[in-house]
Amino acid sequence: MFIIPNTLDLIGNTPLVRLETASEEAGCDIYGKCEFANPGASVKDRAALYIIRDAEERGLLKTGGRIVEGTAGNTGIGIALVANAKGYKSTIVMPETQSREKMDTLRALGAELITVPAAPYSSPCHFVHQSRRIAEETEGAVWANQFDNVANRRAHIETTAEEIWQQMDGRIDGFTCAAGTGGTIAGVGMGLKAKDAKVTIALTDPHGAALYEYYAHGELKSEGSSVAEGIGQGRITGNLEDAPIDRQYRISDEEGLQWVERLLQEEGLCLGLSSGINVAGAIALGKELGKGSRIATILCDTGFRYLSSLYNAEWLREKGLPVFPWLQNEE
Ligand code: PMP
């Protein structure tokens, strides 16, 4: 056994697992990148590390400095952990609509947490704009700006894509995932295309996001809504610019939840809804690319982050979503 020299080196190098039930459904091989295995239990640890390193290299972050970010939660958790490891402080601005577990986790990690009412991106009250203002007004603070800061997607070009390529021995036909900032899809897409331009990169979009229409018809337009946290984008972020997207799928919450259920019941993986939506997208891509194809996707975060929502009967009923059979007797 070897020893990891530094806790920050625990970020990345996550396992890639063959998903039996999804592969069977698709008639080809579907692989999931286990991003819940990162120290902050999500894919966003990678972006947090790269953004903070980038700010250090630019001379923006000094000893004892503060990183401020607006986030659905997972990036905040990554930033709080990396900040602690490097001796910085963190301020996280988060919409009130996100899971209670993420808020409790951020407080537990020692981040300063500011929750704000949900507001459209066009409003100055949107959590992203509020976080920028707080960073500007705070001495020694840096705004992480994960949506437009391309250090985010660089993390996925240099680490996630590289790892997937190595783990699959360079035999990969397609990759898909949903977009929040777009760092993962753009970065992994760019990294894999640089290895082999024939790899098909597909965007999996939840309802309520505008990217499906954009890549299908060149127009940012959305319909419906989704309860999935961390995904669903309405604009072309800096990270999404020039992303090599070959095709796109739109996946409903019901379909994503069905895969959350099957992955838990049949494979023993407890995941968040964006992972279920990604797996449904990977199956759609696998069916299109055909028998024998090899598809990778992202298992973005742990389901333990959603015990009071996704895994709570009352919450699911409130949202008009099907309740997992084993939770149906819960009051
Ligand atoms: N799933 C979850 C649970 C997330 O928190 C995020 C990050 N917003 C994503 C998926 C999407 O990742 P990205 O920001 O790289 O598009």
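Me: How are helix α2 (residues 44–57) and α6 placed against each other, in angle and distance?
Reply: They pack at an angle of about 115°, with their axes 8 Å apart; axes are lines fitted to C-alpha atoms, for helices over the stretch in contact, and angles run from 0 to 180 degrees between N-to-C directions. Helices here are DSSP runs (H or I, at least four residues), numbered from the N terminus. This is a predicted model, in which local features need pLDDT of at least 70 and side-chain atom pairs count only at pLDDT 80 or more, while totals for chains, interfaces and linings use all residues. Residues are numbered from 1 along each chain as its sequence is written.

Me: What makes the contact between α2 and α6?
Reply: Residues are in contact if their C-beta atoms, placed from the backbone, lie within 7 Å, and those making this contact include Arg 46 and Tyr 50 of α2 and Arg 154 and His 156 of α6. They divide into 6 nonpolar, 4 polar and 3 charged.

Me: Which parts of the chain make up domain 1 and domain 2?
Reply: Domain 1 takes in 7–37 + 158–324 and domain 2 takes in 43–143, with bounds that come from an automatic or database domain assignment. Their C-alpha centres lie 24 Å apart, and 22 residues of domain 1 are in contact with 16 residues of domain 2.

Key
Two residues are in contact if their C-beta atoms, placed from the backbone, lie within 7 Å. Helices (H or I, at least four residues) and strands (E, at least two) are DSSP runs, numbered from the N terminus. Ala, Val, Leu, Ile, Met, Phe, Trp, Tyr, Cys and Pro count as nonpolar, Asp, Glu, Lys and Arg as charged, and the others, Gly among them, as polar.
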